[in-house]
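Hi,

Here is the structure I promised to pass on.

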Amino acid sequence: MLASASLSFNTTNCLSASLAGACAGFVVWNAKPAKVFMGDTGSMFLGGMVVALSFGINRPILLLLMGCVYFIEAISVMLQVACFKLTKKRLFKMAPLHHHFEMSGFSEQSVVLLFSFIALIGCVISLLSNAANSSSSLSTSALVSFSGSSGVDGSLGSDGALPPPLPPD
């Protein structure tokens, strides 16, 4: 939501704000003890929306840090399966990683707090790097548009002149 707002993607920002509101309502409804469980279908939808929103703001690279918990969880399953197939021993008590922490004695609330904190740190780093990159890319795009490169492929003609305008649709 912050990334789409900082980049002035109003439609995407509206969608991400409504998604955040729905998640906030789900969290409030599921205060301990949980009354409704999201399950795979809901979590797959949320993951898909995160990916769609990152592509919607033309910044899919932000997923590497913003989605670091997704990657950690997925990689923990891959490592568990590979390690078990190769050595017949388990790397974690249970995969995905959050179940390993729960089986090691951590409460569910402490695991959620830890993973939320990791996700928050990833989001902050991602947004800060995006802010630094977008300010430098804005000056570069302003320079390119100022130099007169407005062709379809962004190139000037062989004589340095602008290409002819496209016919109307």
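Let's start with a charge and a ring: the charged end of Arg90 sits over the ring of Phe84, 4.7 Å from the ring centre. Lys88 lies over the face of Phe84 as well, at 5.9 Å from the centre of the ring. By "over a ring" I mean that NZ of Lys or CZ of Arg is within 6 Å of the ring centre and within 35 degrees of the ring normal.

Before you read on, two notes on the basis. This is a predicted model, in which local features need pLDDT of at least 70 and side-chain atom pairs count only at pLDDT 80 or more, while totals for chains, interfaces and linings use all residues. Residues are numbered from 1 along each chain as its sequence is written, and side-chain values use heavy atoms, with hydrogens and water left out.

Now the overall picture. The protein has 7 helices and 0 strands, counting DSSP runs numbered from the N terminus (helices are H or I, at least four residues; strands are E, at least two). Of its 169 residues, 18% are buried (buried is under 20% relative accessible area, exposed is over 50%, partly exposed is in between, with a 1.4 Å probe and protein chains only). Taking contacts between residues at least 6 apart in sequence, 43% join residues at least 24 apart; a contact means heavy atoms within 4.5 Å.

Which aromatic residues are linked into a cluster by ring pairs? They are Phe101, Phe106 and Phe115, and the structure holds 2 aromatic pairs. Rings of Phe, Tyr and Trp (its six-membered ring) pair if their centres lie within 6.5 Å, and planes under 30 degrees apart count as stacked, over 60 as edge-to-face and the rest as tilted.

Phe101 and Phe106 have ring centres 5.6 Å apart and planes at 85 degrees, so this pair is edge-to-face. Phe106 is partly exposed because its relative accessibility is 46%, and Phe101, at 21%, counts as partly exposed too.

Phe101 also forms an edge-to-face pair with Phe115, 6.1 Å centre to centre with 85 degrees between the planes. That pair links distant parts of the chain, 14 residues apart: Phe101 is in helix 6 (residues 97-103) and Phe115 in helix 7 (residues 108-146). With 12% relative accessibility, Phe115 counts as buried.

Cheers
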